[in-house]
Amino acid sequence: MLRDILSGKSGIDPSQLAGAAGLPNDPASVAALMQQLQGAMNAQGTGVDWQIALTQGQQRAANGQLPATDEQQTQLRQAFHIAALWLDDVITVAELTVEPRLMTRREWVTATMPLWTQLAEPVATSISDSLTRVFAEQVPEEMQGMVANASQLVRSIGGTLFAMQLGQVVGQLASEVVSGGDVGIPLLGEQQAALLPQNVADFGAGLDVPADQVQIYLAVREIAHARLFRHARWLRLHLTSAVTAYARGISIDSSRLEELAGSFDPSNPEDLRQAMVDGSLIQQKSESQISALSRLETMLALVEGWVDVVTARATVRLPKADAIAETVKRRRASGGPAESAFATLVGLELRPRRLREAAAMWQAVTDAVGNEARDALWSHPDLLPTSEDIDDPQRLIARLMSVARGEPEVLDDVDQALEDLLRDDGAERPHEE
């Protein structure tokens, strides 16, 4: 059937196949789909060819891309300079040693795709495994001898379709983000700050705010985000490890896949398309995944909440700062179409739910103990506030103020039990000798 489709001998419309895969239905995209699938049929490898995702993303991002004008480049570089100076007054984390970048949408896709593929690979592998397993189970007994080669073909084509989808999602996301840290997770290299001039201009187009104020505000947010990850060098690995650990637990619902296979109507692929875009092929989260997701959301909320608070303090000189901040919050709360598509494709939402509470906690800490004590909490993972601290900031503040006064640390039940055990062990040793 697949060979007939690709050779044009099948009654299945290739544009319907593209629609079922969640890809654009224009002639150029359909032609590209056919070419990639033909390549997949001839491929010998067992993994997903992520170069397909990169190519698709770059092509999608380049569609409608505009180069930054000389004036935009000058204004945004000046905005970065002002942002760095203003942040120096309100944070104590290390300055950047790498120059901030101005990126086109295509450059953003190229720079961030390695992390996107890292997040998506466990899901792509799970889909390919499920496809081949269902295929083998569905094949009649007399055809079992043919399954080995055909299964490899199904695996290659399934991986190719997934990579193309991911490329389309990231390419579309490139038209929505305004900066390197806009999604929350550290997509760019260590301490790299970046703005996308075209998207910054689009962001400010619907606001009754002077362009230079928008540019400075967004530059402050981006540099604050980059400086935090440079200061807390453990944070990037901590965050990406949590995301990938969650992603590795994702599995595909084989029974749902079998149901789709049994009822698939080639002339009407709407059921398949709907399953691909509504996330129903991904099984319910396990208990370990729910726990990992909770930790991840807390960490993302702490990062974004800290950035919100220091940005607000650094931009008090901007008359329209509150209006810009409100737009950022609304935009973050709703997300964009591509972000929603990524959540469906990989089963992971990137927007922290407890952002407002985390920001309120950071503000309370700042008011109580100042910038330096607040930022010192990022020095080590063990010092980072917990979900319980977000619930009850006063408990965290009391602990910080007690430390500032030089008082002995009050241990919780677990730490106290460990302290007692060590003390008892040390007391017994002289008698044993």
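Ala, Val, Leu, Ile, Met, Phe, Trp, Tyr, Cys and Pro are here counted as nonpolar, Asp, Glu, Lys and Arg as charged, and the others, Gly among them, as polar. The structure is a predicted model, in which local features need pLDDT of at least 70 and side-chain atom pairs count only at pLDDT 80 or more, while totals for chains, interfaces and linings use all residues. Residues are numbered from 1 along each chain as its sequence is written, and side-chain values use heavy atoms, with hydrogens and water left out.

A cavity is a set of points, on a 1 Å grid over the protein atoms alone, where a 1.4 Å probe fits but cannot get out; its lining residues have an atom within 4 Å of a point. Points are joined across faces, edges and corners, and a volume is the space filled by probe spheres set on them. The model holds 3 cavities of 30 Å³ or more.

| Cavity | Volume | Lining by class |
|---|---|---|
| Largest cavity | About 170 Å³ | 5 nonpolar, 3 polar and 7 charged residues |
| Second largest cavity | About 120 Å³ | 6 nonpolar, 6 polar and 3 charged residues |

The largest cavity is lined by 15 residues, and Ser179, Gly181, Asp182, Arg221 and Val328 are the closest to its centre. Two or more lining residues come from each of α9 (211–231), α13 (287–314) and α14 (321–334), helices being DSSP runs of H or I with at least four residues, numbered from the N terminus. The largest share, 4 residues, belongs to α9.

The second largest cavity has 15 lining residues, with Pro186, Leu188, Gly189, Gln192 and His225 nearest its centre. In this lining, α9 gives the largest share, 4 residues.

Definitions and conventions: On a 1 Å grid over the protein atoms alone, a cavity is a set of points where a 1.4 Å probe fits but cannot get out, and a pocket is an open set with protein on both sides within 12 Å along at least five of seven lines; lining residues have an atom within 4 Å of a point.
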